[in-house]
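Open the model in your viewer and get ready to select.

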Amino acid sequence: MRTVGTFAEARELASGSVGLVPTMGFLHEGHLSLIEAARESNDSVVVSLFVNPLQFNESSDLAAYPRDLDRDAALVRAAGADILFAPDAATMYPSTPLTSIEVTEVADAMEGAHRPGHFAGVATVVAKLFAGLQPDSAYFGRKDAQQLAVVATMAEDLSFPVEIVGLPIVREADGLALSSRNVRIEEHLRSPALSLSRSLFAAADAFDAGERSVASLRDRVRRGIADESDAEAEYVEMATAAGASITDTITDTVFLAVAVQIGDVRLIDNIHLDPRTGIADRGVRLETSSILYGGH
């Protein structure tokens with residue numbers, strides 16, 4: 001594996017079909033699952049690592065984002081990637097960017113409503129990665145379900161010749177969706193943090209049993225979070241998987257999404273529901289402790 005810092009170096013090293021896994025670093029098993037999927041389907045696998053300032057609403061959140069390039073490089077190498085693209089800010093943004101990509105409608109609700117400008121930052125940096133690295137496919141986790149819809153819409157609207165691949169959420173052994181932010185959760189707030197997955201799993205159980213009322217499924221999640229005094233829900237919404245449009249009916253694949261403030265940490269989670277199969281996708285749960293906590 002080679003670590004490079006410029007688009008030209010990455011393009012020169014890649015050959016054949018190229019699979020891209022965009023990340024902001026401090027990797028976990030969710031990222032590794034994307035790398036493994038890219039490895040199975042491509043001749044060259046590129047992992048990008050860049051903490052993108054454009055998608056942070058708070059400077060304190062940007063400053064607190066965990067960073068460890070040596071750790072991440074070792075994980076990327078072990079996962080079988082060929083190239084680690086780790087540019088500095090001057091490479092990604094040589095000057096203050098005057099161009100920003102806005103994906104309307106798809107980005108308006110949920111995260112878009114609570115984090116103004118966030119998805120413009122995401123779409124802009126992903127477009128730069130697509131243009132600069134020229135991948136054939138790009139891999140994203142479904143934990144950021146609305147982000148996945150935003151990126152897919154952006155790629156289609158701008159005619160990027162990139163296949164967007166979404167893969168299941170990977171969860172810690174106790175059910176919490178893997179996120180680099182999890183390391184910031186204080187020990188006494190772990191149980192409140194688990195209210196996200198517990199309440200979503202309760203809704204998944206109801207869906208598996210035949211429940212199709214969006215209001216009922218949302219209420220199950222709201223009640224589960226409300227039971228925890230240290231958990232404050234920002235939103236609980238049902239949205240279409242393809243366009244992230246808020247919906248009151250389940251006629252195609254949807255996701256039930258939640259955002260919760262736990263102490264100083266903001267967490268998001270979701271489950272995907274497919275009415276054609278009647279199956280709720282809860283993601284994949286680890287059997288042991290995540291590498292975020294020193295597991296293997």
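Start with the open sheet of 4 strands, which run in the order E8-E9-E10-E11 with antiparallel pairing. Strands (E, at least two residues) and helices (H or I, at least four) are DSSP runs, numbered from the N terminus. Two strands pair if DSSP finds at least two bridges between them. This is a predicted model: local features need pLDDT of at least 70 and side-chain atom pairs pLDDT 80 or more, while totals for chains, interfaces and linings use all residues. Residues are numbered from 1 along each chain as its sequence is written, and side-chain values use heavy atoms, without hydrogens and water.

E8 and E9 pair in the antiparallel sense over 9 bridges. Which residue of E9 stands opposite Val236? Look for Val258.

Next, select helices H7 (residues 118–133) and H8 (residues 145–157). Their axes come within 10 Å and cross at roughly 50°. Axes are lines fitted to C-alpha atoms, for helices over the stretch in contact; angles run from 0 to 180 degrees between N-to-C directions. That makes H7 oblique to H8 (under 35 degrees is roughly parallel, over 145 roughly antiparallel, 65 to 115 roughly perpendicular, the rest oblique).

Show the side chains. The contact (heavy atoms within 4.5 Å) includes Phe119 and Phe130 of H7, and Val150 and Met154 of H8.
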